[in-house]
Amino acid sequence: MILFELFYTFLMIGAFTFGGGYSMIALIQDAVVTHHGWLTSQEFTDILAISQITPGPIGINTATYAGYSAVIAEGYPEWMAALGAVIASLAVLILPLTLILIVGRWLLRHKDQAPFDVIFKGLRLTVIGLIAAAALSLMPTAFSPTPTGTVTIFNFQFSIFNLIIFAVVFGLSLWRKVSPILLIVLSGAAGLLIYG
């Protein structure tokens with residue numbers, strides 16, 4: 001049954017996610033799009049966009065929306081989809097919450113010791129890799145051609161407006177340190193003007 005699959009899937013995602021919500025995105029995408037086929041790449045990209053503009057941690061928001069959407073995609077009623085959202089959200093939290101409660105105190109006392117320092121350095125690199133993998137796997141959908149204009153780069157077609165919005169947001173966030181909230185609002189407004 002879909003609810004048990006959701007529970008197990010998101011329990012495993014929670015167990016193997018290091019580095020927070022952004023590193024979780026690649027695992028969620030692999031599970032719900034590639035492995036189970038509950039969602040398409042476009043649906044997952046839409047869920048990710050909604051997860052970023054709603055309050056709360058992006059990993060849990062993504063799990064909630066993915067759980068809901070997966071149940072709907074399988075043809076179940078909305079009340080069951082709401083249950084799927086709750087199950088996915090709780091499942092992704094169970095193991096990390098349990099581990100942090102059990103191990104957190106001990107880890108804080110020993111974090112500066114050499115073996116732990118090496119482990120944490122390796123985990124940081126892993127987190128960067130997972131975030132980069134999530135970003136790269138979302139790019140074809142995010143930059144997909146639109147009727148308003150396309151450009152071909154390295155034999156791939158991209159939406160001109162999406163590339164411009166990306167470049168402006170990237171530049172403003174990296175060099176000008178503009179508030180992410182303002183960038184989200186401005187990007188939404190630009191999308192509404194261009195595509196609305």
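Mentor: Gladly! Keep in mind that this is a predicted model.

Trainee: Which elements give two or more residues to the nonpolar patch?

Mentor: Those are α6, residues 114-142, and α7, residues 160-175. Helix α7 supplies the largest share, four residues. Methionine 139, for its part, sits in helix α6.

Trainee: And how do I place these helices in the whole chain? What pattern does the protein chain follow along the sequence?

Mentor: Reading along the sequence, you get α-α-α-α-α-α-β-β-α-α. That makes eight helices and two strands. For scale, the C-alpha trace spans about 55 × 45 × 30 Å along its principal axes.

Trainee: Now the packing. At what angle do the axes of α4 and α5 cross?

Mentor: For a helix pair, look at distance, angle and handedness together. The axes of α4 (residues 58-73) and α5 (residues 78-110) cross at roughly 145° and come within 7 Å. The crossing of α4 past α5 is right-handed.

Trainee: Which residues of α4 meet α5?

Mentor: On the α4 side they are Ile60, Ala63, Thr64, Gly67, Tyr68, Val71 and Ile72. Their partners in α5 include Met80, Ala81, Gly84, Ala85, Ala88, Val92 and Leu93.

Trainee: How many residues of that contact are nonpolar, polar or charged?

Mentor: Twelve are nonpolar, four are polar and one is charged, taking Gly as polar. Glu78 in α5 is among the contact residues, and Glu counts as charged.

Notes: Residues numbered from 1 in each chain as written. Predicted model: local features only at pLDDT ≥ 70, side-chain atom pairs only at ≥ 80, totals over all residues. Heavy atoms only, no water. Axes fitted to C-alpha atoms, helices over the stretch in contact; angles between N-to-C directions. Left-handed = near helix turned anticlockwise from the far one by under 90°. Contact = heavy atoms within 4.5 Å.
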